[in-house]
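Hi everyone, thanks for making time for this.

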Amino acid sequence: MATKPILGKNSRLYLLGGILLFWCLTISFRLVYLQIFRYGSFVKQAEHQQQREIPLSAKRGVIYDRAGHELAMSVLVDSAFAVPSEVKDLPTAVSLITRITGEDHNVVLADCHSHKTFCWVARKADDETIQRIKSLGLQGIHFQKEPKRFYPARDLAAQVVGTVGMEDSGQSGIEHAFDDELRGRAGKMSISVDARRQWFSDVEKQPEPGENLVLTVDKNIQYIAEKELEQAIHDTRAIAGTVIVENPHTGEILALANRPTFNPNLRKQITPGALTNRAVSYVYEPGSTFKLVTISAALEEKLTNPNEVFDCQMGSIVYNGMRIRDSKPHGLLPVWGVLAESSDVGAIKIALRLGEDRFYKYIRAYGFGQQTGIELPGETRGLTKPVSRWSKVSIAAISMGQEIGISPLQLAALISTFANDGVWVAPRIVAGTMDPQSSPQKALPQTVAFHPGASRRVISSYTAAEMRSMMQKVVLEGTGRKAILEGYTSAGKTGTAQKVDPATGAYSKTKYIGSFAGFAPLNNPQIVVAVILDSAVGLHQGGQVSAPVFRRVTQQVLEYLHTPHDLPLAPQHQLLLAQTKTKEKDLEEGTPDHPGEPLETAEVNGDTMPSSASKPSVAREPSPANTRSDGNVVQAAIRQNESMPGEAVPSGPARNEDLADAAALQAKIPATGTVVLDVEQGGIEVPSFVGKTVRGAVESAQDAGLELEAVGSGVARQQSPLPGTHVAAGAHVTVQFGR
């Protein structure tokens, strides 16, 4: 009987021991699980609660102009941050600070609630803001030095230089295009809070500064361009404008000005429209400036010469059922006169002689429909379409600058081709990079060397010389007379194009793009200047509003570059007298007719929305004898050595033949169609210069009363006009010399 109580007592002990053993094993397994299997997650959770890693922005590289002047740089400023665990009344503290900074109270407070150890309350603030925050004496608010982007030139070249965000990442312009090179490598700072809620920081990795960048832009030339553009915007009440100054031989962009603009230091005041770099991303119909492509292509293909005379039919022509009119009636005009007077009728006839395929070949060769490759973001290719998509009137429309879209930069590159002896050079705006530790004043001459971009020959040097001579006549005798300089020769071309009304999709009758692009001096071009003004109020023709801007910019830039004068300086009263003789109506150009499609319906080769089109002018009714009922135009020009006035004109289709034997050309016309006029031989007969030296040719030209333009050196190989051609006294004769 005694053994039974003992067994019951032992069983209770065994049960208690088992429970204790199970409890110990459970605790042990739990400790193993927490200490071994969950150790990593708990460490991360503790670090999240007690420590936060803050990236330290690297000092961005400096952006210099070509002379070493800073256009963008980084300076150290104070930023304010909070350690929320130290702040007694976080909502009140955040409210007081945001009243000073103007930031959204709820956004800042939410950030502080989500990060217990660290949150920014005022990033890269100015000195006044930081002092006001310090004066609050708030517990848990601390300050850290950070680099802030600063633009010492303010709005100068703003679209070129661009902007950065709060984290110093490039958002536009060069800042965006070269963000990887400029931003460097960020550092790392650790913020920790101990058990007593005391914080301390440790910089784990120092930031590495970015590379410095040197642009081709000249700060002083940029200032001249922007000052004159601003004045033009004020005078004409245009809504926008662009001025480009380029070195035609190297493609270096010396200035690129846009309006509207912005001050990149005032980030909150920047609007999306002001960020647009119109020089590279704006697409517009070039208007009459595109006649340079039409005429130069025909000259290069030897289909005409500067002195061949075309019948412009008193300013009206019908092509494939579409009547096209000049701004004023023009009768007989030589090719240089077609350019100087900006005759659309003459340009159409030249384009028809050229043909669609050859015309398109030169459009592409001059770089239209493709990017130039300039180191700026957002560059457009323009708006073009292949010949297979041309309509029956496309060749007529494109010949005078309609139904095609280009950018201002592409226009500057076109003019540079003529100034650069027929060689197209890709525009460039970045000269190179410098070591971040280098002193710009010492390093710039040794370490930065500009290398021109891609280049290709588009036309011969002979054709380029002919184009320069004709473009000078645009300034001296044509629609560009307001571009005449003091002490320098100049050459260029005007353009006026109607914009497309986005509301109707048709051409506007009140909105125009006025442009002028040219170069100076004539025989040794130093700069190309392109001016485009959008929607000027009142006077709007390119020769009226853009040519004066070209004159002011070019005159100042040439003087700044110490370019020697190639003309004697005229007395001031003579200059004023010459200006008063220029009537605004004489500078009008273009046509009110639009044979082609509006720009929006052309094939889009770029990434920019088009917004402009054709040309304005006064409609003129032509003589009925100058048109055909079927709309086909017979290409016509004055022919030498043919039937005398009064003789019967034979009928038949007109033919195009090689101009190398111009005296033997036979012109035949249909019974009803464009009249081919024959004129009696008169003027001065051009002598043959072939085989003569430069000196001998000059003497022969002087004896004949002609002006000779020599291309090259050695012995004369070819000339234009050809020997035996009759020209007016004082006419220009271009002679190419070779060895």
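Let's start at Glu-308, which sits in the loop between α12 (291-300) and β11 (309-311). Helices here are DSSP runs of H or I with at least four residues, strands are runs of E with at least two, and both are numbered from the N terminus. Glu-308 is buried, at 8% relative accessibility. For all such labels, buried means under 20% relative accessible area, exposed means over 50%, and partly exposed is in between, with a 1.4 Å probe and protein chains only. Glu-308 and Trp-336 are 28 residues apart in sequence, and their C-alpha atoms are 8.5 Å apart in space.

A quick word on the ground rules. This is a predicted model, in which local features need pLDDT of at least 70 and side-chain atom pairs count only at pLDDT 80 or more, while totals for chains, interfaces and linings use all residues. Residues are numbered from 1 along each chain as its sequence is written, and side-chain values use heavy atoms, with hydrogens and water left out.

Now, the rings. A pair of aromatic rings is described by the distance of the centres and the angle of the planes. The rule takes rings of Phe, Tyr and Trp (its six-membered ring) with centres within 6.5 Å; planes under 30 degrees apart are stacked, over 60 edge-to-face, and the rest tilted. How many aromatic pairs does that give? The count is eight. One of them is Tyr-282 with Tyr-284, a stacked pair at 6.2 Å centre to centre and 10° between the planes. Both partners are buried: Tyr-282 has a relative accessible area of 8%, and Tyr-284 is at 0%.

Compare that with Tyr-360 and Trp-390, where the centres are 6.3 Å apart and the planes stand at 85°, so this pair is edge-to-face. Tyr-360 belongs to helix α15 (residues 356-365) and Trp-390 to the loop between α15 and α16 (394-399), so the pair ties together parts that are 30 residues apart in sequence. Trp-390 is buried too, at 10% relative accessible area. Ring pairs also join Tyr-360 and Trp-390 with Phe-290, Phe-359 and Phe-368 in a cluster.

A charge sits over a ring if NZ of Lys or CZ of Arg is within 6 Å of the ring centre and within 35 degrees of the ring normal. Arg-278 lies over the face of Tyr-282, 4.0 Å from the ring centre.

On to the cysteines. The structure has one disulfide, meaning a pair of cysteine sulfur atoms within 2.5 Å. Which cysteines form the disulfide? They are Cys-112 and Cys-119, with sulfur atoms 2.1 Å apart. Their link is right-handed, with 75° about the S-S bond. Cys-112 is buried at 1% relative accessibility, and Cys-119 is buried at 0%. Elsewhere, Cys-24 is partly exposed at 38%, whereas Cys-312 is buried at 0%.

Last topic: the lining of the largest pocket. By class, the lining has 13 nonpolar, five polar and eleven charged residues. Here Ala, Val, Leu, Ile, Met, Phe, Trp, Tyr, Cys and Pro count as nonpolar, Asp, Glu, Lys and Arg as charged, and the others, Gly among them, as polar.
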